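Dear colleague,

Please find below the structure that I am handing over to you. My notes on what was found in it follow directly after.

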Amino acid sequence: MNNLKVLFVAAECAPYIKVGGLGDVAGELPLKLHEMGLDVCVVIPGNPDINAQAIYKGDFPVKMGYRTETGILREVSGSPVPVWVIDNYHYLGRTGVYGHHDDPERFAFFCRAVYEMMRKLELKTDILHLNDWHTAPIAMLIRENEREYPPLSQTAIVYTIHNLEYQGISGRNIFDLFGVKDVVFKTDKVEYYGCFNAMKSGINYADVINSVSKTSAQQMLTDTYGFGLDGVLRVRKDYLYGILNGINTDIWNPETDKEIYTPYNKHNLDGKKENKKKLQKELGLRVSDKPIFSVVSRLVPNKGLDLMEEAANAIVKEGGQFVLLGRGEKFYENAFLGLMEKFPGSVAVRLEFNNQLARRIYAGSDVFLMPSRHEPCGISQLIAMRYGTVPLVHRTGGLADTVTDVGRSKVNSNGFHFTEYSSGSLIRCIKRVFTLYRKPDEWQKLVFRAMSRDSSWETSAREYLKLYKKAMEINKKRKETGRKRFIEKKTEG
Ligand code: GLC
């Protein structure tokens, strides 16, 4: 049963093309499933950054409303898990994954192309694993066309929501490109206040849905974190699960990381101290034993940046240092540059994406700040723990599921959290950090526990395998009841 055939479809996939956490998951989970014996293939949209590494396999027609476009299929060479790239000169050959004015149409093309490819290649896929709004309409295409093309009904569909906030809402004209029946454009399917909602098509047509943590799966059913789809999700809540992400513990390992200044492990933390000193020198900070609080993040509002300025002031006032690496909205970039000017030697800000510096920050700092307003899973806090940098997080979504506060458990704690989303409660939490940091023995034990957290993909991948099997059962039942209804109707008639 383990040699299930899985088609994993996502908008990005590390290391080939990556914007955020979704890229990491698409790069790592299929690899782990492959190691477990599953027959996995990843499909992503074309991007000029990957083309040089990909080999042309063929092309095929893709209907887009009344027009026909060309889908170009390439395969990334040398990848342990096959990675197929679907390209098109009009929609996809551009730099950047998201942020184009015609994104809904570009991803509609990608979805239709994946669907056409599955038919053309007659893929016998057991599991179609879709991710976020960009790929969700494939579920609608499969289920709405399975009468016409029965092999599609064999495929069970798993839909993973990484971020419910981005739903791919567009005009009805985008829906029309898919060529499915008009009746599908209804509130109980994909219509949303007169618009087409791509996320909704995934929720309503998949056999099972999952969020990337248990807490986030629960939160999604509430008004605050449902982002307008809590009602839709509540209808399908019996099919909703939560599975935490992992990280690639070979790539994120302070013992073997070539980019950091000195290797170390949880049994010998002298190397971490060395990393701290060198980081302070590299960033122009005063060399001191005081705690370094760091942030490595895209600078977007959801990451809790509105609390950060006051937090940084409080950290400096207590004698600590603040380091930030990332890029994003100008407003935040300017605010952080202002902080650096205000506190030279105590605050360092680098407005860039820089893999080497990110790793040095994970290795050289003491506390990792992640006060996200909302965080379905979060990956950086897992990386920070692996490097012995204690996370301080807002208690929400995956942050709540991965970080246990020192106040909650002496033996299992691995970080700090605050519950109410306000700068006051974040600052109170920062003060608790300083209090514990002044007790080196206890601090060291906390660092040890953080570094001992098992964040490998092993457990998560096993959970996904269970979810795949559940999706197959549900699909089987659906077909049986569908057939029963059909026979009943026939005999009635
Ligand atoms: C999204 C979520 C993040 C999660 C990632 C991977 O970026 O916002 O919390 O870790 O997807 O699932």
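Contact, as used in these notes, means heavy atoms within 4.5 Å. This is a predicted model, in which local features need pLDDT of at least 70 and side-chain atom pairs count only at pLDDT 80 or more, while totals for chains, interfaces and linings use all residues. Residues are numbered from 1 along each chain as its sequence is written, and side-chain values use heavy atoms, with hydrogens and water left out.

I begin with Asn197. Beyond its neighbours within four places in sequence, Asn197 is in contact with Gln167, Gly168, Ile169, Val190, Tyr192 and Leu229. Asn197 belongs to strand 10 (residues 195–197); helices (H or I, at least four residues) and strands (E, at least two) are DSSP runs, numbered from the N terminus. Its relative accessibility is 0%, so Asn197 counts as buried; buried means under 20% relative accessible area, exposed over 50%, and partly exposed in between, with a 1.4 Å probe and protein chains only. The side chain of Asn197 also makes a polar contact with the side chain of Gln167 (3.0 Å). A polar contact is a pair of N or O atoms within 3.5 Å; within protein, one must be able to donate a hydrogen and the other to accept it, and residues adjacent in sequence count only if both atoms are side-chain atoms.

At the start of helix 7, a side-chain oxygen of Asn197 comes within 3.1 Å of the backbone nitrogen of Met199. Helix 7 (residues 198–205) is itself mostly covered, with 7 of its 8 residues buried.

Turning to the sheet, 6 strands form an open arrangement in the order 15-14-13-16-17-18, with parallel pairing. Strand 15 (347–350) and strand 18 (416–418) are at the edges with a single partner strand each, so one side of each has no neighbour in the sheet. From one strand to the next, the twist averages 20°. Two strands pair if DSSP finds at least two bridges between them. Strand 14 (residues 321–325) is joined to strand 15 by 4 bridges, the two running parallel, and Leu324 stands opposite Val349 in strand 15.

Two helices lie across these strands. Helix 11 (residues 305–317) lies across strand 13 (292–296), strand 14, strand 15, strand 16 (367–370) and strand 18, and runs at about 145° to strand 14. Helix 12 (residues 330–342) lies across strand 14 and strand 15, at about 145° to strand 15. Axes are lines fitted to C-alpha atoms, for helices over the stretch in contact, and angles run from 0 to 180 degrees between N-to-C directions.

Elsewhere, strand 1 (residues 5–9) and strand 2 pair in the parallel sense over 5 bridges, with Val6 opposite Val40 in strand 2. Strand 2 (residues 39–45) has 6 of its 7 residues buried.

Finally, the ligand. The residues around it, those with a heavy atom within 4 Å, include Gly21, His162, Asn245, Pro376 and Gly378. A polar side-chain atom of Asn245 lies 2.8 Å from an oxygen atom of the ligand. From Gly378, a backbone N or O atom is 2.8 Å from a ligand oxygen atom, and from Pro376 such a backbone atom is 3.5 Å from a ligand oxygen atom. Taken alone the ligand exposes 310 Å², of which the protein buries 92%; accessible areas come from the Shrake-Rupley method with a 1.4 Å probe.

With kind regards
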